[in-house]
Amino acid sequence: MGWDAFGLPAENAARDRGVDPEEWTYSNIKTMRKQLLKTGIIFDWDREICTCSPDFYRWTQWIFCRLYEHGLLHRSLAEVNWDPVDCTVLAAEQIDENGRSWRSGAIAEKRKLKQWAVETPKYAKRLLDGLRKLPHWKEVAEIQANWIGKCDVFRFLLPVKNANGAVLDETFDLRIREPNRLANARAIFIRSGHSLAPSAVELPYVLEETAMNIVRGEEMPIILVHDEERSPEKEYYLNARLAFEGNDSDLAIARSLGIELKPSRRLALSNEDVLQIAQFGNYGGYETSERLLDWVVSRQRRWGTPIPVLLSEDDEHEHAVCLSDEQLPALPVSSGHPQRVPCDRLPGGFGVPEKDTLDTFFDSSWYYLRYLDPNNEKQLIGADKLAQMPVDVYVGGIEHAAVHMFFARFISYFLKDIGVVASSEPFGRLLPQGIVRGRTFLRTDNGKYVPETDVVQKGSSFVEKCDGGEVIVQYEKMSKSKRNGVEPLLILNRDGIDLTRLQLLDTAAPRAPINWGDADVKGLKKWLDRVSWVVNEYVTQRSVCASCASIPAEVDHATEERYREVYNYAVRNVSMLLEVLHLHNTAIARLIGLTNSLRKVKPSLFGRSVEVERCLHALIIMMQVFAPHTAAELWSAVCSVPAIDETQRRKTLTVTEQDWPSVDADADIDFILKVFDFSCGRVAVPRQSIEGLNAEEVFKVAAEGPHRWFIDELAKGGHRPSKYQLQQREGLHVTLQLYFDDSLNEEDVKKLLNEMSAQRIKSKKLRRMAAPAT
């Protein structure tokens, strides 16, 4: 269990209540821990971490210092998005489509501030290429790849001078496709939207600032020009490009301003020559994204990880040095840290602590490593713990795909490069979960969220009580800033633990969002009541049989076979849905189906049928995933009477200690055919006929049997697989993935799937028509 505890929401909430953010945060953690304990969810509390604890953020600061040492972290003047209400920097992802802050609702402003920034673009191409090795990430990989952008340009960080010739704290981020063009460049064109672009000037316009051509050692004028159509010679990246001497339009613009684009001395340098010059001078010179910017990690707030840096005492704090490892953790200034610190590495021998704190994404970029070694005081993580990496399954909202998971991957790649971890990728399988959305009330005039208690309904619309301002109602992700959270203890006290869990799990698949309050509570309660009825009937009938002097009559073979089939079908489907497909809501539906089958059992069979008993045992053991307390009580009741077959259970052990039900050796399992990411057929086949075969043998079974039509249709179009890959889970499924050359595309597969679906519908209609009337 971990608490991502720093950040602006906690600071604002504490300020509103007149308490210290630390006091407010820890009181909330205490409350939430109590709530979580009451849910019955099992966490390893020996591995509890908290990002606002010095024991944790000491190592966050340690990572900051390593980035600084390796030249990936710098402090410079940069244009940022500023929230005028919360008075802090916003990441681009924290601004909505209307340009408003995701927390305060205020319109974000552009400002230039001295900020600490991490040079993530240096890793952009590696991170993008790494996604191609993670095909199972699917839509998460697509989202992150789109956020990184194409990595087909080269980055140069050019020094910028003002009109007086003084070098400024900011650099010019130039990205170009052909590095050798920089060798003979004489000017740079920018367009509106660039951070240096002035407003309300007549175009073209020569800026006072100049950029240094790091190859020629000459200053290049920066010219603001009209927006123009893109062409191979006029490719703008980050709203900037080199002026091209071979383009008549560029020559005319430059000469109209008295600037000559043709160099008096031409340098014959290759792309590699230019890149080496840039790299030697630490001016970039690497392939990167067309649009990915440095990760600005400075935040103008108190409640955050202190930046472990001392600044010089001059007004501009021109010089900065990282603290040594022995000085970590750097504590917040308010907790007694001296304002003036001796430091022989700074002019004057003294420094002052950096007041800004770190972006909370920095805290959450590495926490998973600390779970493995939470009490290590000497290392971020011990080498003996690294064998457990990478993370097996990462469960998180799809909204984290671009930002949090990108930063986590970046930090992991960096830690691999410096020898801290053994693998670059931090996460194995992903399960993107949907969010639980609550009802929000949003002012139409200022974009502020209003508590539900302050809203009244007038006719079909809603208004705020205080002034009658119009309010719109919608479902959004639950958030403190949106004032739409639901108190868990109220729900738990009203509905009980198991029914509360079922409402979350049954409403939608894990990947789908949930609108809280839409769950079928009555239906779920009815299901639990029906399971209780089945258990009571079993206990009653087994008690009767146990007290009867005569031996109960045997159940006929056909009846036992019918319920053996019910058992195998239920166990196979529920296990597949939980372990492979991650469709918990559908798994609940299958358990409800099994319950309905048992409801139809003749009462006497509960006391005599081995297969009915197996079905009941499987139902209780499998339902514990969703309703653990109910399952525990029902299992206790079942074990209060003698079993028909005592070998099928461990009577003295709890339901959590029972073996998970497994399908019989001669039962059916799922045989799935996949092309690209499409399931091209899922049929039940005897497990003995397919388990244990290699990929080629399984393909032969598919082509001659259950998947013959689909494979034949592909062959008719000239498409034969070039490679097979087998995935299987014993007793559950065998999945055959087919790979083809470039002649087969996704549209071809979709067309065949539509034809197959139409044929199935037609066959069903014909069977219904042929069936005798009843």
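**A first look at Phe676 and the chain around it**

Let's start at one spot: Phe676 sits in the loop that links strand S27 (668–675) to strand S28 (678–686). Helices (H or I, at least four residues) and strands (E, at least two) are DSSP runs, numbered from the N terminus. Everything here comes from a predicted model, where local features need pLDDT of at least 70, side-chain atom pairs count only at pLDDT 80 or more, and totals for chains, interfaces and linings use all residues. Residues are numbered from 1 along each chain as its sequence is written, and side-chain values use heavy atoms, with hydrogens and water left out.

**Backbone points to look for**

- Most residues other than glycine have a negative phi, and most peptide bonds are trans.
- Phe676 is not a glycine, yet it has a positive phi of about 55 degrees.
- With a relative accessibility of 30%, Phe676 is partly exposed; buried means under 20% relative accessible area, exposed over 50%, and partly exposed in between (1.4 Å probe, protein chains only).
- Lys138, also not a glycine, has a positive phi of about 50 degrees.
- You will find Lys138 in the loop between helix H4 (124–131) and helix H5 (139–148), and with a relative accessible area of 36% it is partly exposed.
- Leu203 and Pro204 are joined by a cis peptide bond with an omega of about -5 degrees, and Pro204 belongs to the loop between strand S8 (188–190) and strand S9 (205–213).
- Another cis peptide bond links Met389 to Pro390, with omega at about 0 degrees; Pro390 is in the loop between helix H9 (367–372) and S20.

**The chain as a whole**

- In the chain there are 21 helices and 30 strands.
- The C-alpha atoms fill a box of roughly 110 × 70 × 65 Å along the principal axes.
- Of the 774 residues in the chain, 47% are buried.
- Take the contacts between residues at least 6 apart in sequence: 70% of them join residues at least 24 apart, where a contact means heavy atoms within 4.5 Å.
- The accessible surface comes to about 38,700 Å², and carbon and sulfur atoms account for 50% of it; the areas come from the Shrake-Rupley method with a 1.4 Å probe, and for residues only the protein chains shown count as cover.

**The cavity**

- Searching the whole structure turns up one cavity of 30 Å³ or more.
- A cavity is a set of points, on a 1 Å grid over the protein atoms alone, where a 1.4 Å probe fits but cannot get out, and lining residues have an atom within 4 Å of a point.
- The largest cavity holds about 40 Å³ of space; grid points are joined across faces, edges and corners, and a volume is the space filled by probe spheres set on the points.
- Its lining includes Val140, Tyr394, Gly396, Ile398, Met405 and Leu430.
- Strand S20 (391–397) and strand S21 (427–433) are the elements that give two or more residues to this lining.

**A closer look at Tyr567**

- Tyr567 is part of helix H14 (residues 557–579), and at 6% relative accessibility it counts as buried.
- Cys615 is 48 residues away from Tyr567 in sequence, while their C-alpha atoms are 5.2 Å apart in space.
- Leaving out residues up to four places away in sequence, Tyr567 touches Arg614, Cys615, Ala618, Pro661, Ser662 and Asp664.

How values were computed. 1 Å grid on protein atoms, 1.4 Å probe; cavity = no way out; pocket = protein on both sides within 12 Å on 5 of 7 lines; lining within 4 Å.
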